[in-house]
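Subject: Structure handover

Hello,

Here is the structure for you to take over.

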Amino acid sequence: MTSLLPTAPLTPAEPEAASTPAPRPMSALKKRERRIDRVLTYAPLTLFLIFTLVPFYWMLLFAFRPAGSTSLVPWPITFDHFATVWNGSGFGIYFQNSLFVAGMSLLTSTVIALLGGYALARFRFRGKTLFLVAMLCTQFVPGAMMLIPLFEIFNAVGLTNNLWSLIISDTVFHLPLSLILMAGFIRNVPMELEEAAWVDGCTRIQAFRLVVLPLLKPGIVAVGSFAFISAWNNFLFAIMFMSTQSRFTVPVGLSYLLGEFGADFGALAAGGVVAIIPVVLLFAYVQKFLVQGLSAGAVKG
């Protein structure tokens, strides 16, 4: 006999929820390896930071600490050393001379590097490879070896004790590297952009000025920054070619703050603080362009 009781309809079995495995706890070995990696990473960086910043702190300490004080904290702060070095030793004249030399070296190096780099990047000519190799080889020649020949040349043309001798020598010595870097930057600009400008009626100079030059801003900043810093810090040529105090630059002026029987370390430190201000401000402004320019120049070329 069949049962007359109603039977419950059969429903399909619901799928069981997918069970997600619980995350495994990090093993003690992996934690130990991670700690070792952190120590190996941050320990050298910390030592390098200490090695770099301690001399700067020591310079700031002597610059702002009162004379005769032995405290490791510059308090109370005094500006007497800055007044002494700026007004008493003629440091303002040295500062102006360094600004003129570094600014003109930046201008001449950047302009020549733009023109020469464009020629190296866009034209093919006989001896191009040999020219590049020769420029690279000049970077291995120490500047001290060229002091006597340069002095004889500048003396013959009447440029000794003249700031233009520093501008010319600084430009010549860092121009090869500037040319090579700028040629790499220009190669990264597609040639099709210039060809499109030619089709629109631009000459080569107009295409370079309107199309290529705006794209070279990071490269120009990188090359110009190196030229400025190299000219600003140059001591060897300045002390060799300049003979009167009114022509001294900042590095030479700082060296003359050291006396024969003693030294005013407070004034010397204050002069060092004033000397690094332009470089610090320059890097604070151009750091993003500098990184972008160096990475762009390293892509190819």
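One caution before the notes: this is a predicted model.

**Largest pocket**

Start with helix α6. This helix gives the most to the lining of the largest pocket, with five residues. Two helices, α5 (147–156) and α6 (163–187), each supply at least two residues of that lining. The volume of the largest pocket is about 250 Å³.

By type, the lining of the largest pocket has eight nonpolar residues, four polar and no charged.

**Second largest pocket**

This pocket has a volume of about 160 Å³. Its lining is made by Phe56, Trp232, Asn233, Val250, Pro251, Leu254, Ala275, Ile276, Val279 and Val280. Two or more of the lining residues come from each of α11 (250–255) and α12 (265–297). Helix α12 gives the most here, with four residues. The lining of the second largest pocket counts nine nonpolar residues, one polar and no charged.

**Salt bridge**

How many salt bridges does a search of the whole structure find? The search finds one. The partners are Arg122 and Glu194, and their closest N and O atoms are 2.6 Å apart. The pair links distant parts of the chain. Arg122 sits in helix α3 (residues 91–122), while Glu194 belongs to helix α7 (residues 191–199). The two are 72 residues apart.

As background, side chains of opposite charge can pair when their charged atoms come close.

**Cysteines**

A search of the whole structure for disulfides finds zero. Two cysteines have accessibility values to pass on. Cys137 is at 43% relative accessibility, so this residue counts as partly exposed. Cys202 is at 23%, so this cysteine also counts as partly exposed. The cut-offs behind both calls: under 20% is buried, over 50% is exposed, and partly exposed lies in between.

**Where to look**

When you open the model, go to α6 for the largest pocket. Go to α12 for the second largest pocket. Then turn to Arg122 and Glu194 for the salt bridge.

Best wishes

Notes. Residues are numbered from 1 along each chain as its sequence is written. This is a predicted model: local features need pLDDT of at least 70, side-chain atom pairs count only at pLDDT 80 or more; totals for chains, interfaces and linings use all residues. Side-chain values use heavy atoms; hydrogens and water are left out. On a 1 Å grid over the protein atoms alone, a cavity is a set of points where a 1.4 Å probe fits but cannot get out, and a pocket is an open set with protein on both sides within 12 Å along at least five of seven lines; lining residues have an atom within 4 Å of a point. Grid points are joined across faces, edges and corners, and a volume is the space filled by probe spheres set on the points. Ala, Val, Leu, Ile, Met, Phe, Trp, Tyr, Cys and Pro count as nonpolar, Asp, Glu, Lys and Arg as charged, and the others, Gly among them, as polar. A disulfide is a pair of cysteine sulfur atoms within 2.5 Å. Buried means under 20% relative accessible area, exposed over 50%, partly exposed in between (1.4 Å probe, protein chains only). A salt bridge is a side-chain nitrogen of Lys or Arg within 4 Å of a carboxyl oxygen of Asp or Glu.
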